[in-house]
Amino acid sequence: MQGTDLLFSPLVAGRLRLRNRFMRSATAERLCRADGTPGPELAEVARRLAAGGVGLVVMGHTFVRPDGKASVGMSGLWRDDQIPAFAAVAAAAHEHGAAVALQLNHGGRQASPHLTGSELVAPSAVPLEPGSPVPRALSEGEIWQLIDAYAQAARRARDAGFDAVQLHAAHGYLISQFLSPHANRRTDAWGGTVEKRARFLWEVARAVRAVVGNDYPVLIKLGLADFIPGGLTLEEGLQVVGLASSMDLDLLEISGGAGPGNTRSNINKEEQEAYFLPWALAARQRTALPIALVGGIRSLKVMCRVVQSGAVDVISMSRPFIREPGLVQAIASGAQDKARCISCSLCSTRADVPTRCWVE
Ligand SMILES: Cc1cc2nc3c(=O)[nH]c(=O)nc-3n(C[C@H](O)[C@H](O)[C@H](O)COP(=O)(O)O)c2cc1C
């Protein structure tokens with residue numbers, strides 16, 4: 001199949017059906033009330049992306065418990081009475097034929113104590129950087145409570161009408177902290193070898209599956225390396241890919257970087273695009289899961305090359321859709337062969353206001 005035809009062809013990814021190969025990678029919209037409940041503005045974001053032709057819209061990371069909130073306006077789904085507000089978001093995406101997923105997260109040591117009023121908790125009492133706040137190490141009982149919080153949030157997302165949930169196992173948040181030898185210095189059953197560090201992810205996936213049932217799609221965004229001294233290495237990340245193959249998941253989105261390293265700036269040449277493609281090629285050797293790739297994908301030429309590589313099934317983008325929610329339609333109609341996003345990343349530096357493009 002020609003690259004463009006492939007991009008616009010439907011995909012069955014495990015239990016998930018997509019109308020095309022374009023995914024909006026989870027992007028914090030910062031549009032929710034202090035308790036995480038969305039208002040009509042969040043549904044409007046979902047509607048515009050779906051109307052713009054995106055096949056799978058992943059809504060921004062959503063805290064599963066109040067102490068996991070990481071930024072102003074972050075969504076949170078931790079009470080059943082929030083389900084109707086989230087249902088409006090899912091319905092808005094469905095009105096225009098897109099599948100929609102909710103990304104589940106807990107900040108761990110990257111939560112914001114100013115916003116949560118709670119103490120920071122993490123696998124071990126290790127700060128992100130020297131001078132950052134020192135979290136308290138979780139007890140075994142607290143780990144199980146957190147696993148249940150992910151499962152209950154997944155149940156609420158399913159009941160709200162989302163087509164899938166995505167486990168956020170990247171960018172230095174709680175699951176990624178358990179995977180990382182920098183953040184996880186535990187010597188019990190939750191730390192040490194890669195298998196033990198992956199146990200939290202494993203148990204979250206198992207608890208989520210038990211609650212949502214056998215027919216419901218569960219996706220993962222996995223960071224394959226941390227880019228910090230003493231952090232997760234690529235070889236370890238690839239081992240986690242192998243382990244994830246037996247977690248009954250439906251789509252593996254590949255990312256990396258504990259913190260801002262996942263979002264490279266000033267992508268203005270084709271060679272700079274799709275910066276995690278070599279990792280996807282390596283991951284393909286370790287898993288049969290459908291793979292989505294995110295990170296700097298901007299031009300139709302590169303999109304075609306990526307889906308024709310044989311490793312990647314879905315093209316995932318974040319910043320381009322902040323500037324142009326209608327980008328997929330613009331490509332489909334032939335009006336554009338490239339995103340207008342200049343990857344300046346100003347959208348992610350102004351973390352205190354609703355997410356927007358500051359250039360357009
Ligand atoms: C404003 C902003 C918010 C983001 N929020 C999230 C998030 O909630 N969850 C997540 O996994 N990644 C988040 N990311 C990272 C993106 O999903 C993506 O992995 C990264 O920006 C690289 O893709 P891109 O080059 O297409 O922007 C965010 C990025 C930006 C710029």
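Tutor: The model is predicted. Buried means under 20% relative accessible area, exposed means over 50%, and partly exposed lies in between.

Student: Why is Phe8 called partly exposed?
Tutor: Phe8 has 27% relative accessibility.

Student: What makes Phe22 buried or exposed?
Tutor: The relative accessible area of Phe22 is 1%. The cut-off for buried is under 20%, therefore Phe22 is buried. Phe22 belongs to strand S3 (residues 22–27), where 6 of 6 residues are buried.

Student: Why is the aromatic pair of Phe8 and Phe22 called tilted?
Tutor: The centres lie 5.2 Å apart, and the limit for a pair is within 6.5 Å. The planes make 50°; under 30 degrees would be stacked and over 60 edge-to-face, so the rest count as tilted. Phe8 lies in the loop between helix H1 (3–7) and strand S1 (11–13), and the pair links parts of the chain 14 residues apart.

Student: How do you know that S3 pairs with strand S13 (residues 314–317)?
Tutor: DSSP must find at least two bridges, and S3 and S13 have 3, in the parallel sense. Arg24 stands opposite Met317 in S13.

Student: What makes S3 and strand S4 (residues 56–63) a pair?
Tutor: Here too the requirement is at least two bridges; 3 bridges join S3 to S4, and the strands run parallel. Thr27 stands opposite Met59 in S4. From S3 the chain passes through helix H2 (residues 40–51) to S4, a right-handed β-α-β crossover.

Conventions
Residues are numbered from 1 along each chain as its sequence is written. This is a predicted model: local features need pLDDT of at least 70, side-chain atom pairs count only at pLDDT 80 or more; totals for chains, interfaces and linings use all residues. Side-chain values use heavy atoms; hydrogens and water are left out. Rings of Phe, Tyr and Trp (its six-membered ring) pair if their centres lie within 6.5 Å; planes under 30 degrees apart count as stacked, over 60 as edge-to-face and the rest as tilted. Helices (H or I, at least four residues) and strands (E, at least two) are DSSP runs, numbered from the N terminus. Buried means under 20% relative accessible area, exposed over 50%, partly exposed in between (1.4 Å probe, protein chains only). A crossover is right-handed if, with the strands pointing away from the viewer, the path from the first strand over the helix to the second runs clockwise.
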